[in-house]
Amino acid sequence: TIRKYRAQLSSVPKETVNKVEILHTYEKVKGFSKTLSECVVRFDDPTATIFIDNFEIPLPEYAKEHYLARSMFKRRKGEAVDWSIIHNEMQGTEGIPDGKDPWRYVYDAQNDINKRIKEILSTQEKLLDWSEKTIKRLH
């Protein structure tokens, strides 16, 4: 029976097989038509969730995105903060992978949060902005 099963698998033309790796899938929000500046944006630390109006953007608990959001939501909207200050607040919570620059760790967390918001809300706006190793919350 194993030979028959392997024969069936090898008979599939390779052109029709697409390999896709999906790490996370999120249900997209239907009916989100506002801009982020028109919304109330808040962060709930115990649940590691960013709320944009009534829409939930879950973050991985106790991961770099969670610690970055915690650090950024302590500050006022539009306040620019040097990456090293954010990194010091995140330090001790999770180790930086070997061979990775410390500023890149903060930059990647910022990109991950923005990507998650764009995927879930189907928007092109960013919540966090990175400019010359300085990060600020836009909304």
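Which residues does Ile50 touch, not counting residues up to four places away in sequence? In this predicted model, Ile50 touches Val41, Arg42, Phe43, Phe55, Glu56, Ile57, Leu59, Phe73, Ile113 and Leu127 once residues up to four places away in sequence are not counted, where contact means heavy atoms within 4.5 Å.

Some notes on reading come before the description. Residues are numbered from 1 along each chain as its sequence is written, and side-chain values use heavy atoms, with hydrogens and water left out. Because the model is predicted, local features need pLDDT of at least 70 and side-chain atom pairs count only at pLDDT 80 or more, whereas totals for chains, interfaces and linings use all residues.

**The nonpolar core**

A nonpolar core is a set of buried Ala, Val, Leu, Ile, Met, Phe, Trp, Tyr and Cys residues joined through side-chain atoms within 4.5 Å, and buried means under 20% relative accessible area, with exposed over 50% and partly exposed in between (1.4 Å probe, protein chains only). The largest such core has 29 residues, of which Ile50, Ile52, Leu68, Ile86, Ile113 and Leu127 touch the most other members. E1, strand E2 (49–52), H2, H3, H4 and E5 each supply at least two residues of this core, and the largest share, seven residues, comes from H4. These labels follow DSSP runs numbered from the N terminus, with helices (H or I) of at least four residues and strands (E) of at least two.

**Helix H2 and two of its contacts**

Helix H2 (residues 64–72) is largely enclosed by the rest of the structure, because eight of its nine residues are buried. Those buried residues are Lys64, Glu65, His66, Tyr67, Leu68, Ala69, Ser71 and Met72, and they pack against strand E1 (41–44), helix H3 (83–90), helix H4 (102–121), strand E5 (128–131) and strand E6 (134–137).

Leu68 lies in helix H2 and counts as buried at 0% relative accessibility. Not counting residues up to four places away in sequence, Leu68 touches Ile86, Met90, Val106, Ala109, Gln110, Ile113, Leu128 and Ile135. Leu68 and Glu89 are 21 residues apart in sequence, and their C-alpha atoms are 8.5 Å apart in space.

Gln110 has its place in helix H4 and, at 1% relative accessibility, also counts as buried. Leaving aside neighbours within four places in sequence, Gln110 is in contact with Leu68, Leu128, Asp129, Trp130 and Ile135. The side chains of Gln110 and Asn111 are joined by a polar contact of 3.2 Å; a polar contact is a pair of N or O atoms within 3.5 Å, where within protein one must be able to donate a hydrogen and the other to accept it, and residues adjacent in sequence count only if both atoms are side-chain atoms.

**The two sheets**

Strands of a sheet pair through backbone hydrogen bonds, either parallel or antiparallel. Two strands are taken to pair if DSSP finds at least two bridges between them.

In E3, the bridge partner of Ile52 is Phe55.

In the other open sheet, three strands follow the order E4-E6-E5, and the pairing is antiparallel. Here E4 and E5 stand at the edges, and each has a single partner strand, so one side of each is left without a neighbour in the sheet. Asp82 stands opposite Thr134 in E6, and Thr134 is also the bridge partner of Ser131. E5 and E6 form a hairpin with two residues between them, and Glu132 in the turn has a positive phi of about 50°. E6 has a covered face, Ile135 and Arg137, and an uncovered one, Thr134 and Lys136.

| Strand pair | Bridges | Direction |
|---|---|---|
| E2 and E3 | four bridges | antiparallel |
| E4 (residues 81–82) and E6 | two bridges | antiparallel |
| E5 and E6 | four bridges | antiparallel |
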